[in-house]
Amino acid sequence: MHRIHWILLCLLLSACASLRGPQTITLSQQQLNASLEQRLNKSLTFLSLFDIALTNPNVTLDPANKRVVTQLDAAMRNPFSGNHLNGKAIVSGRLEIDAATQTIRLRDPKTEEFALEGLPPQYAAQVNAVGQMIAADFLKELTLYQIKPEELTVHNIKYQPNTIEVKTGQLLITLKPQ
């Protein structure tokens, strides 16, 4: 009988130890799209002249380069005619945990492409270049995901974000016990 008690005690201790192990938050590309859509709901103004709106994010995760690539619809008010111009922007960046704010942020954004349709040829290169600068500047330090307080406490054990792993179709955030 004494031996059964030891076995039960060992099983109980191993079960408790597994509770203190790392936890993982899994985010799909769709969840990242929804999170970005909420955060990109404002216009960007540059030099009090150019107003750009970036909407409809389409996130693609690039595990080979450990980056996220996002295609966005871009709209800009033409400062010369007042008309709206539409196009697209493609921005990539690496992901990083900001431990102080418990967020996943975009770091080192790179505007891979920014193009607006309907620009007069003499202005196209300059306006697209301004759009690239605005997009990269606005998206620098952009929060892609806010880790919820309830995700940081499991069975009364407090966790903190530790690592991010970019996989095909999903992002894995590993939490470690504090």
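**View 1. D108 in strand β6.** D108 is a residue of strand β6. The model shown here and in every other view is predicted. D108 is not a glycine, yet it has a positive phi of about 50°. Is D108 buried, partly exposed or exposed? Its relative accessibility is 47%, so D108 counts as partly exposed. The side chain of D108 meets that of R94 in a salt bridge, at 2.6 Å from N to O. R94 belongs to strand β5 and D108 to strand β6, so this pair ties together parts 14 residues apart in sequence.

**View 2. A network of salt bridges around R94.** Which residues are linked in this network? They are R94, E96, R107 and D108. One link joins E96 to R94, with 2.9 Å between the closest N and O atoms. R94 has a relative accessible area of 31% and is partly exposed. E96, at 27% relative accessibility, also counts as partly exposed.

**View 3. The salt bridge between K88 and E113.** A search of the whole structure gives seven salt bridges. One of the pairs is K88 and E113, whose side chains meet at 3.7 Å, N to O. K88 sits in strand β5 and E113 in strand β6, and the pair links distant parts of the chain, 25 residues apart. K88 counts as partly exposed because its relative accessibility is 30%. E113 is partly exposed as well, with a relative accessible area of 30%.

View 4. How many bridges join strand β5 to strand β6? Eleven bridges do so, and the two strands, residues 84–98 and residues 103–116, run antiparallel. Together β5 and β6 form a hairpin with four residues between them. In the turn, Q102 has a positive phi of about 55°. Within the pairing, R105 of β6 is the bridge partner of E96. Strand β6 also pairs with strand β7 (residues 143–146), in the antiparallel sense and over three bridges. On that side, R105 stands opposite T143 in β7. In a regular strand, side chains alternate between the two faces of the sheet.

**View 5. The two sides of helix α2.** Helix α2 spans residues 29–39, and its buried residues are Q29, L32, N33, S35 and L36. Why do these residues lie on the same side of α2? They cover an arc of only 165° around the axis, which puts them on one side of the helix. An α-helix has 3.6 residues a turn, so residues three or four places apart point the same way. Q30 and Q38, on the other side of α2, are exposed. The cover over the buried residues of α2 includes β1 (23–28), β3 (50–62), β4 (67–77), β7 and β10.

**View 6. T70 and its contacts.** T70 is a residue of strand β4. Its relative accessibility is 8%, so T70 counts as buried. Which residues does T70 contact, leaving aside its neighbours within four places in sequence? They are L36, P57, N58, V59, A89, I90 and V91.

**View 7. I173 in the largest nonpolar core.** The largest nonpolar core has 40 residues. Within this core, L95, L116, L139 and I173 touch the most other members.

**View 8. N156 in a loop.** N156 is found in the loop between β8 (153–154) and β9 (157–167). N156 has a positive phi of about 65°, although it is not a glycine. Is N156 buried or exposed? At 76% relative accessibility, N156 counts as exposed. The cut-off for exposed is over 50% relative accessible area.

**View 9. Confidence along the chain.** The average pLDDT of the protein is 81, and 81% of the residues score at least 70. Which element has the lowest mean pLDDT, and which the highest? Helix α1 (residues 2–19) has the lowest, at 56, and strand β10 (residues 170–177) the highest, at 93. Where pLDDT is low, the predicted coordinates should not be read in detail.

Note on methods. Residues numbered from 1 in each chain as written. Predicted model: local features only at pLDDT ≥ 70, side-chain atom pairs only at ≥ 80, totals over all residues. Heavy atoms only, no water. pLDDT = per-residue confidence, 0-100. Pairing = 2+ DSSP bridges. Salt bridge = Lys/Arg side-chain N within 4 Å of Asp/Glu carboxyl O. Buried < 20%, exposed > 50% of the residue type's maximum accessible area, 1.4 Å probe, protein only. Core = buried A, V, L, I, M, F, W, Y, C linked by side-chain atoms within 4.5 Å. Arc of directions from axis to C-beta. Contact = heavy atoms within 4.5 Å.
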